[in-house]
Amino acid sequence: MKDKLFVGLSAAAMLVILAMLAVILGNIFWFGKDMLSWEFISAKPTMGMTEGGIFPAIFGTVALVFLMTIAVMPAGVLTAIYLEEYARADSKMVKIVQQAVANLAGVPSIVFGLFGLGFFVNFVGRGVDGFFFGGELYYGQPAIIWAAATLALLTLPVVIVTTSEALRAVPREIKEGGLALGATRLQNLRRIIVPSALPGILTGVILAVSRGAGEVAPIMFTGAAYFLPYLPTKPNDQFMELGYHVYVMATQSPDVEATKPILYSTVFVLLALTFLLNLLAIYLRARLRKRFAEGR
Amino acid sequence: MELVNEEIETVTKLPQFRLDAIGRPEVAAAEKEKIRVEKFSFWYGKTKALDSITSRVYEHRITAYIGPSGCGKSTFLRCLNRMNDLIPHTRWEGKIFLEEEEISRPKPDFTVLRRKVGMVFQKSNPFPKSIFENVAFGLRIAGESNMEKLSASVEESLKQAALWEEVKNKLERSALALSGGQQQRLCIARALAVHPEVLLLDEPCSQLDPISTAKIEELLLDLKSRYTIVLVTHNMQQAARVSDYTGFFLLGQLVEFDDTRKLFTNPSDKRTEDYITGRFG
């Protein structure tokens, strides 16, 4: 009797979650579907964002996430490799780093935004300008490279934690097998451990991309623009981004009512894009797993 | 009363003076020492795992070490190719020599040492790669990239490990698709591919069925002419079947080491006798 009650409760909890998800997605699709068209995806916003499309924001989001991945992967994966494979598990340093990573994961994203502005834009950017450009303003301003760096910092804990888990999941026998054949630690890492952990490491990328693509707060001070007539082509260009575009339309538009259909469609596109990026990573992971199973 | 006490003392001292394979001049004259272990003790943290082991491994012979679980025989084996260095907080005293080279010195070249002293583990551990790449791994990390040489070596090693006939048409397939016994023979082939002088086997058959076990035992007897083999097992019948010399470990001590036939038919130590007759362990 008690058992049945518990099963009922847990099932109900699950249903509530599913229902909430369905309502959110349904609502977005229902109100957004009228605006969806090829033109909407491929054109620039016009008429104070009450008409036209959102292509610059889509482009900016993809470029941002791409740059972020390039920045976060080496840093995160190398950190995890150090923690798992080189440092002694009982050392104080490892514990401090692990605690720091956990704390980093708990910092609110707006704090990352302010940190990005203070550190990357003002400190690093100005420093670069002063050093290479004689103080002229090139990098000391919000730009896609600084936004990507800030997002990379935000997603770093996700990558470190998932990579660590993936490395830990490689059986000890296999790690020892490589060493017993005379492999150096580096050879063992490159040829045995990392390839075996690669599907797990890609899971980290998937999670980081999902997290990064949806964040607005870290990029609003570090590079995202209200409206731009051009696409970002250089690392120090500003850019439009879907999440920020939604925020702008909902709060800063001259005519909030008129932007509503576009708003819904934009959210829909953002969700679809995140989903697509995820699918891509999941596809890559599945291919890798298959390759290992077949042994090529 | 006094006399009785004296007798007991003599009895407990006996093992130290008995004439085992190391101490017997005719054995020492007939065999060539490959590995020499001198008063070797080993600690994990504060736990003493090996207590003053003195033993010999003779060239082109199979030396088996038997004993109950936790007696230190695997620790001993892993000292011979320094696999224990992966574990933090270990230390040791005494010396181990591979011919003239001291294995137990502070910083040996692990790559060179482990190529000379190959190892096969209790749990078969093929890499998630093809059969070919598993066997070629040792050569590849040594810098060999000539496909002809690799292919020749893979074939030779698989033949030595009596696996060639079973896998020659599927070398590109995943090693993980092989059966447990085949995987273990693949691991032997992989170890042989780098032409080791000594092959260490850590309970290689403990997870295999009797038929696979028989195949591996047969294989070891074949390999004896080319390699020096050290086998750790808790299967006493296995030690009796394949080995030339046997050492019996108990609680971190090498209680007895002798010619296999002698140790199993006429052990010098009461504890060995109890163990091989199944009175404990």
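**Figure 1. Helices α5 and α8 of chain B cross at roughly 35°.** Axes are lines fitted to C-alpha atoms, for helices over the stretch in contact, and angles run from 0 to 180 degrees between N-to-C directions. In this predicted model, local features need pLDDT of at least 70 and side-chain atom pairs count only at pLDDT 80 or more, while totals for chains, interfaces and linings use all residues. Residues are numbered from 1 along each chain as its sequence is written, and chains are lettered from A and ligands numbered from 1 in the order in which they are written. Helices (H or I, at least four residues) and strands (E, at least two) are DSSP runs, numbered from the N terminus. The axes of α5(B), residues 131-141, and α8(B), residues 180-192, come within 7 Å. From α5(B), the residues B:I131, B:N134, B:V135, B:F137 and B:G138 meet B:L186, B:A189 and B:R190 of α8(B), two residues being in contact if their C-beta atoms, placed from the backbone, lie within 7 Å. By class, this contact of α5(B) with α8(B) has five nonpolar, two polar and one charged residues, where Ala, Val, Leu, Ile, Met, Phe, Trp, Tyr, Cys and Pro count as nonpolar, Asp, Glu, Lys and Arg as charged, and the others, Gly among them, as polar.

Figure 2. B:H60 counts as partly exposed because it has 15 C-beta neighbours inside 10 Å; a residue is buried if 20 or more other C-beta atoms lie within 10 Å of its own, exposed if 12 or fewer, and partly exposed in between, with C-beta atoms placed from the backbone.

**Figure 3. Helix α8 of chain A is kinked at A:L198.** The kink is about 55° and lies shortly before the proline A:P199, the bend at a residue being the angle between axes fitted to the seven residues ending there and the seven starting there. Although α8(A), residues 185-214, has 30 residues, its end C-alpha atoms are only 38 Å apart, short of the 44 Å that a straight helix would reach at 1.5 Å a residue; the expected span is 1.5 Å times one less than the number of residues.

**Figure 4. Helix α5 of chain A bends at A:G116.** The bend in α5(A), residues 109-132, is about 30°, and A:G116 is among the buried residues of this helix, which also include A:F112, A:L117 and A:F120. The buried residues of α5(A) pack against α6 (144-168) and α9 (217-220) of chain A. Just after α5(A), A:G134 takes a positive phi of about 60°.

**Figure 5. A:A143 is a buried residue in the loop between α5 and α6 of chain A.** A:A143 has 24 other C-beta atoms within 10 Å. Not counting residues up to four places away in sequence, A:A143 touches A:G223, A:P235, A:N236, A:D237 and A:Q238.

**Figure 6. Chains A and B meet through 21 residues from chain A and 25 residues from chain B.** The elements giving two or more residues to the side of chain A that touches chain B are α7 (172-180), α8 and α11 (256-294) of chain A, and the largest share, six residues, comes from α7(A).
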